[in-house]
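Open the model in a viewer and keep the selection panel at hand. The stops below are meant to be taken in order.

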Amino acid sequence: MSNITAAVIANRNKKHFLGVPAPLGYVAGVGRGATGFTTRSDIGPARDANDVSDDRHAPPATKRKKKDEEEEEDEDLNDSNYDEFSGYSGSLFSKDPYDKDDEEADAIYDSVEKRMDEKRKEYRDRRLREDLERYRQERPKIQQQFSDLKRSLSGVTSEEWSTIPEVGDSRNRKQRNARAEKFTPLPDSVLSRNLGGESSSTLDPSSGLASMVPGVATPGMLTPTGDLDLRKIGQARNTLMNVKLSQVSDSVTGQTVVDPKGYLTDLQSMIPTYGGDINDIKKARLLLKSVRETNPNHPPAWIASARLEEVTGKVQMARNLIMRGCEINAQSEDLWLEAARLQPPDTAKAVIAQAARHIPTSVRIWIKAADLETETKAKRRVFRKALEHIPNSVRLWKAAVELENPDDARILLSRAVECCNTSVELWLALARLETYENARKVLNKARENIPTDRQIWTTAAKLEEANGNIHMVEKIVDRSLTSLTANGVEINRDHWFQEAIEAEKSGAVNCCQCIVKAVIGIGVEEEDRKQTWIDDAEFCAKENAFECARAVYAHALQMFPSKKSIWLRAAYFEKNHGTRESLEALLQRAVAHCPKSEILWLMGAKSKWMAGDVPAARGILSLAFQANPNSEDIWLAAVKLESENAEYERARRLLAKARGSAPTPRVMMKSARLEWALERFDEALRLLEEAVEVFPDFPKLWMMKGQIEEQQRRTDDAANTYTQGLKKCPTSIPLWVLSANLEERKGVLTKARSILERGRLRNPKVAVLWLEAIRVELRAGLKEIASTMMARALQECPNAGELWAEAIFMETKPQRKTKSVDALKKCEHDPHVLLAVSKLFWSEHKFSKCRDWFNRTVKIDSDLGDAWAYFYKFELLHGTEQQQQEVLDRCISAEPTHGESWCRVSKSIQNWQFKTPDALRAVVKELSIPT
């Protein structure tokens with residue numbers, strides 16, 4: 001009875017809709033308001049089915065693509081889907097290969113359709129825009145309908161916002177408080193149960209450790225023996241490794257049982273040598289595989305694949321790939337050469353032999369085969385085998401000849417010129433190995449076979465010269481030009497000049513002179529001859545072809561015997577690159593053709609004087625007097641010659657004659673200077689007083705008069721002299737500096753500043769006056785005023801190297817480098833700035849850079865004596881004897897005359913007889929080491 005009651009109660013509580021399908025349109029929870037909060041971003045914009053699509057809510061491109069592909073795959077090609085007019089609804093040939101004809105047909109159809117489409121495109125686009133605008137007006141979007149309400153939200157206050165009720169979460173408690181995911185570690189027993197019944201060796205049989213316990217099988221460590229403790233496994237592994245390593249060091253007979261580094265070898269073999277991204281390798285491997293499969297007859301694909309594997313450390317795989325490529329492309333020499341490169345030497349020989357069987361006419365393969373051989377005999381055998389297959393290869397003949405001795409080489413070359421009768425190199429090589437008579441025959445045959453090559457003719461000329469037939473050289477060169485012109489060869493001056501230079505370098509001087517003489521006038525306009533020939537001579541001199549340059553000058557002087565400029569260039573050339581005898585011979589010819597050229601006479605006299613032949617120098621000057629009776633330069637040269645040789649009375653008489661016949665300011669100055677040097681002050685002052693009355697605008701006379709008065713300690717007279725000189729010569733910068741320095745020595749700094757200020761007003765933008773004014777302040781200890789003045793000076797003279805050089809060392813040590821960079825930006829090629837940078841590196845003990853910058857300085861301006869003096873002092877302290885001597889020789893050759901310290905020493909009256917080496921050493925003593 002109780003059971004019946006329970007069943008009835010259960011049926012009564014059971015809902016009638018349980019197990020019944022839900023009615024159409026039923027949404028659970030709608031009756032009690034349990035619906036989730038949904039925004040427009042979840043469901044997309046409200047549109048009709050016929051509304052224009054909005055791309056913002058379109059499915060992703062990948063999904064659309066996949067869908068289109070599925071539709072294409074599902075195309076219905078049944079007969080029921082066939083129409084007599086339009087055919088099948090899908091493409092019947094979509095899966096067929098797409099070849100060039102299809103591509104060309106599609107291009108034609110596309111062009112036709114494009115042409116048809118362009119005819120009414122503008123009208124169609126305008127019609128589409130109008131329809132779209134009308135549609136948007138009739139059926140606006142939801143955001144357009146509510147745009148006015150959205151704008152009105154800007155007026156909602158914060159209180160109104162706070163009163164808006166929150167959207168509640170109507171989900172039940174279990175859904176709201178979902179339990180976090182829990183992960184439980186797997187017990188060791190499960191692992192042991194899953195691994196049960198398996199066993200494995202503890203050592204890799206391929207490793208070096210496997211040989212340590214031969215014939216012993218280690219019981220499986222993973223055999224289940226109850227619960228498995230993985231921590232103990234790790235400890236056991238470390239213990240086992242220690243035992244094995246200790247066994248490695250055990251030795252019975254003095255040798256270890258196994259290779260101690262076997263395990264390291266295995267590990268090393270697993271490390272890839274490529275340091276890039278592994279994904280890049282995979283992509284490259286995949287791409288190259290695709291190329292190989294698509295076009296297996298493309299050798300570069302196989303080569304690239306093999307090199308990729310080689311880079312990644314898989315050399316064997318690279319070898320396999322390249323050999324597979326060689327099987328498929330047996331006629332590709334690049335593949336065979338790459339295969340030979342990848343193989344070890346022994347295997348490479350077999351590979352290259354196989355290549356030679358497949359491509360017996362490949363020169364590169366035969367040369368590679370010879371390179372793989374180590375013995376000369378084997379190389380010869382390879383080359384001879386190669387020449388059997390390719391007898392017309394010049395490269396093979398040359399390689400084969402290089403391995404032979406001279407006799408065998410001559411035999412080989414005689415055969416080579418038969419097979420390759422158009423190769424100039426082989427003919428010339430054979431001619432060099434033959435005797436004189438046979439060589440002439442060989443060259444004649446070569447001219448018959450190759451009538452258009454100039455090298456054969458020049459070689460014949462060199463051959464005649466080498467055997468003493470000088471008279472034949474010019475004939476051969478003339479005949480060569482005639483023959484080549486007859487055979488239609490253009491005579492190129494540049495090429496023939498190169499032949500002349502090569503002939504000179506090989507020792508054939510007559511040949512090079514004949515070539516120059518023959519081709520120098522070809523292709524040159526008459527009005528351009530002089531400049532063209534001068535350029536040719538300079539080019540030959542640059543190429544160190546001095547005989548060619550001599551020949552050019554000789555021809556130019558023959559055509560223009562009265563041109564002083566050509567004689568001068570030829571004389572300077574002989575002075576730099578010739579001997580004293582050649583220079584004097586040239587100058588004798590020069591003064592005969594140009595007797596009015598004073599400099600040619602003076603060069604001849606100086607050459608004799610430098611050689612120690614003073615009477616001959618006097619004779620040349622006497623002849624020069626006859627040709628130029630009142631020449632100031634010749635008078636002064638004669639005076640210098642006598643004074644340098646301590647003939648002071650003779651020099652004074654010459655100067656007296658010069659003052660009588662040619663009273664020029666320089667003659668007066670030299671007369672006074674000689675008296676001053678001989679310490680005859682009264683006579684010097686008398687001459688200078690006469691001179692300043694006759695030549696008041698010559699500033700050096702005023703300077704000398706003031707300096708003599710300073711030397712006699714008559715400072716007031718000196719100051720008066722400088723003042724009078726500045727009135728007559730206000731543009732003489734040294735006069736302003738001398739006057740200011742005198743006032744500074746007297747202690748009147750204000751007057752010194754005033755003089756320099758007046759000088760800058762009369763001579764604006766003169767860096768020397770600014771520099772002297774700055775140094776006056778620095779010597780007075782007023783560094784701030786000097787810095788301010790330096791800033792003003794650089795504004796007025798921004799490109800003055802003297803100012804920038806001083807500015808660098810006015811800065812503190814940390815700021816000098818920055819200042820030097822600014823200086824180099826403004827004055828990149830100024831020697832004063834380069835000298836300052838050199839001194840800066842010297843102060844920082846960067847001796848290598850310092851030497852480089854000194855070289856740059858003296859190269860840019862070799863007349864700057866200060867640069868040579870600092871360079872020589874640097875080498876004396878930090879260079880070798882060879883470097884010191886080199887700088888000294890270069891300075892003597894340059895004969896510098898400028899530079900602040902240099903002029904102060906060399907122009908001092910006490911040093912009036914100093915030569916360049918004496919002046920250099922005296923300046924070096926005065927210079928201080930930069931700090």
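Residues are numbered from 1 along each chain as its sequence is written, and side-chain values use heavy atoms, with hydrogens and water left out.

**Confidence.** Colour by pLDDT, the predictor's confidence in each residue, from 0 to 100. The protein averages 79, and 80% of the residues score at least 70. Select residues 197-226: pLDDT stays under 50 there, and the model has 36 contacts for them beyond four places in sequence (contact means heavy atoms within 4.5 Å). Residues 251-256 also stay under 50, with 3 such contacts. Where pLDDT is low, the predicted coordinates should not be read in detail.

**Helix α15.** Select residues 315-328, which form helix α15; helices are DSSP runs of H or I with at least four residues, numbered from the N terminus. Its 14 residues reach 20 Å from first C-alpha to last, close to the 20 Å expected at 1.5 Å a residue (1.5 Å times one less than the number of residues). Buried residues (under 20% relative accessible area, 1.4 Å probe, protein chains only) in α15 include Arg 319, Ile 322 and Cys 326. Show α13, α14, α16 and α17 next; they are among the elements covering the buried residues of α15.

**Cores.** A nonpolar core is a set of buried Ala, Val, Leu, Ile, Met, Phe, Trp, Tyr and Cys residues joined through side-chain atoms within 4.5 Å. The largest has 129 residues, and those touching the most other members include Ile 322, Leu 396 and Cys 548. Apart from that core lies another, of 85 residues, among them Leu 735 and Cys 891.

**Cysteines.** How many disulfides are there? With a disulfide taken as a pair of cysteine sulfur atoms within 2.5 Å, the count is 0. For Cys 511, the nearest cysteine sulfur is that of Cys 514, 7.0 Å away. The sulfur of Cys 512 is 4.0 Å from that of Cys 548, its closest, and therefore too far for a bond. Cys 511 is buried at 0% relative accessibility, and Cys 512 is buried at 0%.

**Asp 536.** Finish in helix α28 (residues 529-542), where Asp 536 lies. Asp 536 is buried, at 13% relative accessible area. Leaving aside neighbours within four places in sequence, Asp 536 contacts Arg 493, Phe 497 and Val 552.

Note on methods: Helix = DSSP H or I, 4+ residues; strand = E, 2+ residues; numbered from the N terminus. Buried < 20%, exposed > 50% of the residue type's maximum accessible area, 1.4 Å probe, protein only.
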